[in-house]
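Look over the sequence and the predicted model below. The report covers salt bridges and a pocket.

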Amino acid sequence: MAREYGITLFTVMFTAYLTLLSRLTGQKEICCSIIVAGRDHAAFQGVMGVFVNSILFNTVIDNDEQFESALKRINEDVLYGFQYQSYPMELVFEKLNIKFPRVPVSFNMLNMQDVTSSKRLDTFENEHIEGIRDVKFDLEPYLVEYENGISMLWVYRKNLFEPSTIEYMCTQYKELLEYFTGDPQRSLKDYTEEGKKEETVLFSRSF
């Protein structure tokens, strides 16, 4: 799909993620933090250190909009936002004299192609990992592309989610991707009406 529409795999996975959040929460407007490397300037390419920055991405998911249309629209918005990825987000809100908003969800597709593109995943089985402490968001998936698939690490706050809830979300995410890559002209409304899953709002908080 990414090759067909001339967009990145990131955009496909990100659009599906936003669609998932909209479906599970029942909310049309979704705000998500995108984690970027912050090394877009040539002068930083050979410099050691952490340049990670966040871009706040706000969009509306319309149940009647075709996934194809949402994909193109979100791709344009992401490319526009990436132009300003090196500008510290904190300074934006400081200059606007408004409080930095609390954004509970993020999305991070790690660009590790030089390392992982020739490597293969040994298993496609799910597993639960204990002991991850540094959680910055309520929900923050990390995706890495390999030769034979994509690994997904879903980091979350234990006081908000049960492991079974995260497993359910992962299953929904995979099914959404399969459904819309099968026919991009379908809409989220089509997905719901076909009864893939019961219509359930899992979260009452705003994303």
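## R186 and its partner

R186 is partly exposed, with a relative accessible area of 25%. R186 pairs with D183 in a salt bridge. The closest N and O atoms are 3.9 Å apart. D183 is partly exposed too, at 30%.

A network also forms elsewhere. R102, D138 and R157 are joined by salt bridges that share partners.

## Other salt bridges

The whole structure holds 7 salt bridges. One of them links D64 to K189, with 3.8 Å between the closest N and O atoms. D64 sits in the loop between β2 (53-60) and α3 (67-82), and K189 in helix α7 (residues 188-193), so the pair ties together parts 125 residues apart in sequence. D64 counts as exposed, at 53% relative accessibility. K189 is partly exposed, at 37%.

K174 and E178 form another salt bridge, their closest N and O atoms 2.7 Å apart. Both residues lie in helix α6, 4 residues or about one turn apart. K174 is partly exposed at 49% relative accessibility. E178 is partly exposed at 46%.

## The largest pocket

The largest pocket has a volume of about 1,400 Å³. It is lined by 40 residues, of which N126, S151, M152, L153 and W154 are the closest to its centre. Elements giving two or more residues to the lining are α1 (2-5), α2 (9-25), β5 (149-156) and α6 (163-182).

Helix α6 supplies the largest share of this lining, 11 residues. By type, the lining of the largest pocket has 22 nonpolar, 8 polar and 10 charged residues.

Key: Residues are numbered from 1 along each chain as its sequence is written. This is a predicted model: local features need pLDDT of at least 70, side-chain atom pairs count only at pLDDT 80 or more; totals for chains, interfaces and linings use all residues. Side-chain values use heavy atoms; hydrogens and water are left out. On a 1 Å grid over the protein atoms alone, a cavity is a set of points where a 1.4 Å probe fits but cannot get out, and a pocket is an open set with protein on both sides within 12 Å along at least five of seven lines; lining residues have an atom within 4 Å of a point. Grid points are joined across faces, edges and corners, and a volume is the space filled by probe spheres set on the points. Ala, Val, Leu, Ile, Met, Phe, Trp, Tyr, Cys and Pro count as nonpolar, Asp, Glu, Lys and Arg as charged, and the others, Gly among them, as polar. A salt bridge is a side-chain nitrogen of Lys or Arg within 4 Å of a carboxyl oxygen of Asp or Glu. Buried means under 20% relative accessible area, exposed over 50%, partly exposed in between (1.4 Å probe, protein chains only).
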